[in-house]
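Please read the following note with the sequence and the model open beside it.

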Amino acid sequence: MRAISFCCLVIMTALLLGGCLSIGYGDPEVDLALFTSLRVATFNVRGPANPPPNDQKSREPRIRKIIEDNRFDLFGVQEAFREEQTAHIEAMPGYARIDGGNKAFKGWSRRDSIFYRTDRLEVLDQGIFMLSEKPDSPGSKGWDCAEARLAVWAKFEDKVTGKIFYLYNTHLDHAGKLAKLNGAALIVSHAEKNAAGCPVILTGDFNSTPRSKVYAHVSSRLKDAAKISETPAAGPDITFQAFGKSRPWYVDYIFVSSGINVLSHRIIDTLVDGQYPSDHFPVMAELILE
């Protein structure tokens, strides 16, 4: 709580004096939310596998524009297989990347990195584990996985509110039904034990629709931010669109635990100069920690 009284007081005083903020009687929480809400997102940035105009280099400025325009405070990415896929985001002013902090997982951890605004959040702890029967074994494949999958987590303190919370980020397997279900169960179980009552946010590409067993399991333990948003969820009802060339799916989610209120939820279907930033639309939720 050390930062809230000073930071919020300075910002609010400046805005009040400048005539930019008016606080009405009986409505203070709405105005306070302007300063205390967190913009959290999940963004599958697509591996470097496509020809122009959807190759990695062409899409990098589009990806950055989405991040800048929507002012993400904290977001998880998926499919960041190569250094250049995260380097251009790390170079953005005010952002830093974490990948679990375990050197044994080098070569694996980057793909599901977490990015955060350094002026807003402080990292207190972090970790990584494989979605397998041997979660501490780097590169281990679990159950019927087509590819090795993992989860990265971090413990944060909000420098504005002093609130402490956890974020988990993942990308479940695209093929193995058992791997998806068991992987999701492993993440939720890990988060419940690790967070020990602190609020938890789970972001990722779950390769599972809202009618799947995976979604049913996760949503029985956490809440889909889209379903509990105080304002109607915005955007299309799809998140995967394969650059507009394939059957669309809804597979990317933000889940939250108790202790977190969702002010808004949006699937960002913005094109940049008429082109897709990725084959997935990013998903963003504006959250308030109680």
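Predicted model: local features only at pLDDT ≥ 70, side-chain atom pairs only at ≥ 80, totals over all residues.

1. In helix 6, which spans residues 213-221, Val214, Tyr215 and Val218 are buried. Here buried means under 20% relative accessible area and exposed over 50%, with partly exposed in between, for a 1.4 Å probe and protein chains only. Helices (H or I, at least four residues) and strands (E, at least two) are DSSP runs, numbered from the N terminus.

2. Residues are numbered from 1 along each chain as its sequence is written, and side-chain values use heavy atoms, with hydrogens and water left out.

3. On the other side of helix 6, Lys213 and Ser220 are exposed. The buried residues of helix 6 pack against helix 5 (177-195), strand 8 (200-205), strand 9 (223-224), helix 7 (225-228) and strand 10 (252-256), where contact means heavy atoms within 4.5 Å.

4. The structure holds 16 aromatic pairs. Rings of Phe, Tyr and Trp (its six-membered ring) pair if their centres lie within 6.5 Å, and planes under 30 degrees apart count as stacked, over 60 as edge-to-face and the rest as tilted. One of these pairs joins phenylalanine 206 and phenylalanine 255, which are edge-to-face, with 5.4 Å centre to centre and 80° between the planes. This pair links distant parts of the chain, since phenylalanine 206 lies in the loop between strand 8 and helix 6 and phenylalanine 255 in strand 10, 49 residues apart. Phenylalanine 206 is buried, with a relative accessible area of 2%, and phenylalanine 255 is buried as well, with a relative accessible area of 1%.

5. How are the rings of tyrosine 215 and tyrosine 253 arranged? Their centres are 5.3 Å apart and their planes are at 45°, so the pair is tilted. This pair, too, links distant parts of the chain, with tyrosine 215 in helix 6 and tyrosine 253 in strand 10, 38 residues apart. Tyrosine 215 is buried at a relative accessible area of 10%, and tyrosine 253 is buried at 2%. Ring pairs link Phe206, Tyr215, Tyr250, Tyr253 and Phe255 into a cluster.

6. A search of the whole structure finds 13 salt bridges, a salt bridge being a side-chain nitrogen of Lys or Arg within 4 Å of a carboxyl oxygen of Asp or Glu. Glutamate 60 forms one with lysine 57, the closest N and O atoms being 3.5 Å apart. Both residues lie in helix 3 (residues 56-70), three residues apart, about one turn of the helix. Glutamate 60 is buried, with a relative accessible area of 5%, whereas lysine 57 counts as exposed at 59% relative accessibility.

7. Arginine 149 forms a salt bridge with aspartate 173, with the closest N and O atoms 3.1 Å apart. The pair links distant parts of the chain: arginine 149 is in the loop between strand 5 (121-130) and strand 6 (150-158), and aspartate 173 is in the loop between strand 7 (164-171) and helix 5, 24 residues apart. Both arginine 149 and aspartate 173 are buried.
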